[in-house]
Amino acid sequence: MANFIKEITPTARKEYYCELCGGKINKGEKYIRQTYSDGGTAYTTKSHIHCSKLCELLKMYDEYGDDLTNRDFEGCVDEYIRNKH
């Protein structure tokens with residue numbers, strides 16, 4: 001299991017892709033960057049602020065923890081829409 005190190009909200013200096021939805025994080029846009037370590041290897045994840053908030057709202061991190069993939073994200077959003085709308 002990965003160990004959380006830190007989270008920051010920088011402004012993108014270049015284009016990135018959200019690891020949750022797969023959409024573009026545009027240059028100049030604020031985003032969430034989280035740093036983790038796992039077995040001596042450090043890595044970062046990048047996501048839209050709204051995607052990260054949606055994960056919290058739908059409790060995706062409780063269910064998937066650090067192993068949340070963009071497929072899991074899409075599945076949770078689809079399920080929520082089907083059940084609620």
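Start with the lining of the largest pocket: select strands E4 (residues 31-38) and E5 (41-48), each of which supplies at least two of its residues. Strands are DSSP runs of at least two residues, numbered from the N terminus. A pocket is an open set of points on a 1 Å grid over the protein atoms alone where a 1.4 Å probe fits, with protein on both sides within 12 Å along at least five of seven lines; lining residues have an atom within 4 Å of a point.

This is a predicted model, where local features need pLDDT of at least 70, side-chain atom pairs count only at pLDDT 80 or more, and totals for linings use all residues. Residues are numbered from 1 along each chain, and side-chain values use heavy atoms, without hydrogens and water.

The lining includes Tyr36, Tyr43 and Tyr61.

Now select Phe4, Tyr36 and Tyr43, which form one aromatic cluster. Rings of Phe, Tyr and Trp (its six-membered ring) pair if their centres lie within 6.5 Å; planes under 30 degrees apart count as stacked, over 60 as edge-to-face and the rest as tilted.

Show Phe4 and Tyr36: the ring centres are 5.6 Å apart and the planes are at 70°, so this pair is edge-to-face. Phe4 lies in strand E1 (residues 3-8) and Tyr36 in E4, 32 residues apart.

Move to Tyr36 and Tyr43, a stacked pair with 5.6 Å centre to centre and 20° between the planes.

Finally, colour by accessibility (buried is under 20% relative accessible area, exposed over 50%, partly exposed in between; 1.4 Å probe, protein chains only). Tyr36 is buried at 9%. Phe4 is partly exposed at 46%, and Tyr43 is partly exposed at 31%.

Note on methods:
Helix = DSSP H or I, 4+ residues; strand = E, 2+ residues; numbered from the N terminus.
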